[in-house]
Amino acid sequence: MRHVVLALSVALSLGLGWPGEARAWELFRSENPDVAEGNELVAAGNPQAAIEAYDRAARALPSEPAVHLDRGIALLEAGQFDAAREALRIATEPPASAEIRGAAFYDLGLAFYRQGDAAAQGEEHEEAQRLFREAADAFRSSLRQQPGNRDAGWNLELALRRIQEQREEQEQQEQQEQQDQQDQQEQQDQQDQQDQQDQQDQQQDQQDQQQEQQDQQQDQQQDQQDQQQDQQDQQDQQEGEEPSEGEEQSQEGEPNEQQPQDSRDPQQQEGEGAEGTPEDSEQEGQDAQSTGSDDRALPPDMSRVLDALEDGEESLERARARARGSRDSRRVLQDW
């Protein structure tokens with residue numbers, strides 16, 4: 001004897017402003033105990049345990065859309081949205097009745113809507129728009145199967161509003177990202193300019209240091225040259241003040257023109273003494289005093305010649321004789 005499964009399902013909304021919550025089959029008359037157990041567990045608020053009972057029922061009745069619908073609702077209540085969508089899609093396909101297909105599309109829209117809301121909270125605006133569009137399509141399909149379902153119409157309106165909100169938030173997010181990128185680029189440009197300026201300043205400081213070192217080296221070289229020049233000047237001055245050995249010998253060998261020559265021949269001195277007069281001696285003494293007082297005065301011989309010109313011919317002859325004696329005299333050098 002074959003077991004016949006009869007099922008009725010009603011999805012009710014829990015409140016305005018939020019997509020209506022799906023509920024498990026309220027009435028499920030079946031000779032399958034797993035389906036009955038799953039219904040009791042969903043009603044008791046234990047969807048996870050109900051999933052296990054519905055899994056056993058689905059393995060026993062794989063082609064029964066109502067079992068997949070119940071299983072999808074339990075998965076949806078447990079928060080397993082991807083698995084719930086797979087089960088609900090099976091329930092939307094023929095040979096399911098319009099009532100079961102309408103309920104399956106409605107709960108499928110809820111699964112997409114909940115996932116879209118989670119993506120919106122995570123600021124995944126593009127993904128949220130995609131999920132809300134999927135939810136809106138599911139609610140439309142539910143209305144086609146059950147045109148009078150006001151909950152499906154209300155949830156469709158909510159899904160469309162959320163799509164527009166997410167689009168606007170996405171645009172704002174993109175603008176903010178562009179502004180952030182622009183600000184970041186400006187900051188980067190400013191940082192690059194600052195780094196370039198710092199590099200230029202560093203190079204200028206290095207050049208200034210090098211120039212300062214060169215100036216110091218030049219100053220040191222100049223100081224050394226000045227010191228060498230001062231030493232050379234001092235050496236030249238010392239050499240100019242101290243006569244050399246040859247000059248000392250030449251000075252010893254040359255007679256002093258400002259001093260009278262005493263190294264005359266004794267005969268000449270005697271003859272000169274015989275020819276001289278007391279007046280001449282007195283005159284010679286005066287000439288010697290005038291010669292000592294003035295370095296620029298004439299030599300004694302020349303002075304006597306001039307005096308002789310004044311005294312007459314006789315005095316002139318005596319002066320000439322003395323002059324010849326002075327020229328002929330030579331200083332005797334030591335030869336030992």
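This is a predicted model: local features need pLDDT of at least 70, side-chain atom pairs count only at pLDDT 80 or more; totals for chains, interfaces and linings use all residues.

Colleague: Why is the contact between Arg56 and Asp34 called a salt bridge?

Modeller: A salt bridge needs a side-chain nitrogen of Lys or Arg within 4 Å of a carboxyl oxygen of Asp or Glu. The closest N and O atoms of Arg56 and Asp34 are 3.1 Å apart, so the pair qualifies. Arg56 sits in helix 2 (residues 47–60) and Asp34 in helix 1 (residues 33–43), 22 residues apart, and the pair links distant parts of the chain. Helices here are DSSP runs (H or I, at least four residues), numbered from the N terminus.

Colleague: What makes Arg71 and Asp55 a salt bridge?

Modeller: Their closest N and O atoms are 2.4 Å apart, so they pass the cut-off. This pair also links distant parts of the chain: Arg71 is in helix 3 (residues 65–77), Asp55 is in helix 2, and they are 16 residues apart. Arg71 has a relative accessible area of 23%, so Arg71 is partly exposed. Asp55, at 21%, is also partly exposed.

Colleague: How many salt bridges does a search of the whole structure find?

Modeller: Nine.

Colleague: Which residues touch the most other members of the largest nonpolar core?

Modeller: Ala50, Leu69, Ala74, Leu108, Tyr113, Ala135 and Phe139, out of 40 residues in that core. Helix 1, helix 2, helix 3, helix 4, helix 5 (98–121), helix 6 (125–145) and helix 7 (150–241) each supply at least two of its residues. The largest share, 12 residues, comes from helix 5. A nonpolar core is a set of buried Ala, Val, Leu, Ile, Met, Phe, Trp, Tyr and Cys residues joined through side-chain atoms within 4.5 Å.

Colleague: What does Ala74 touch?

Modeller: Contact means heavy atoms within 4.5 Å. Not counting residues up to four places away in sequence, Ala74 touches Val42, Pro47, Ala50, Ile51 and Tyr54.

Colleague: Why is Gln166 called buried?

Modeller: Its relative accessible area is 2%, so Gln166 counts as buried. Gln166 is in helix 7. Leaving out residues up to four places away in sequence, Gln166 touches Ala120, His125, Ala128, Gln129 and Phe132.

Colleague: What about Glu171, buried or partly exposed?

Modeller: Glu171 has 44% relative accessibility, so Glu171 is partly exposed. Glu171 is also found in helix 7. Glu171 and His125 are 46 residues apart in sequence and 9.3 Å apart in space, C-alpha to C-alpha.

Colleague: Why are helix 2 and helix 3 called roughly antiparallel?

Modeller: Axes are lines fitted to C-alpha atoms, for helices over the stretch in contact, and angles run from 0 to 180 degrees between N-to-C directions. Angles under 35 degrees count as roughly parallel, over 145 as roughly antiparallel, 65 to 115 as roughly perpendicular and the rest as oblique. Helix 2 and helix 3 pack at about 155°, with their axes 9 Å apart, so they are roughly antiparallel.

Colleague: And what makes helix 4 and helix 5 roughly antiparallel?

Modeller: Their angle is about 160°, with the axes 8 Å apart. Helix 4 and helix 5 are therefore roughly antiparallel. The residues that meet include Phe81 and Leu88 in helix 4, and Ala104 and Leu108 in helix 5.

Colleague: How do you know the label for helix 5 and helix 6?

Modeller: They pack at about 165°, with axes 7 Å apart, so helix 5 and helix 6 are roughly antiparallel too.

Notes: Residues are numbered from 1 along each chain as its sequence is written. Side-chain values use heavy atoms; hydrogens and water are left out. Buried means under 20% relative accessible area, exposed over 50%, partly exposed in between (1.4 Å probe, protein chains only).
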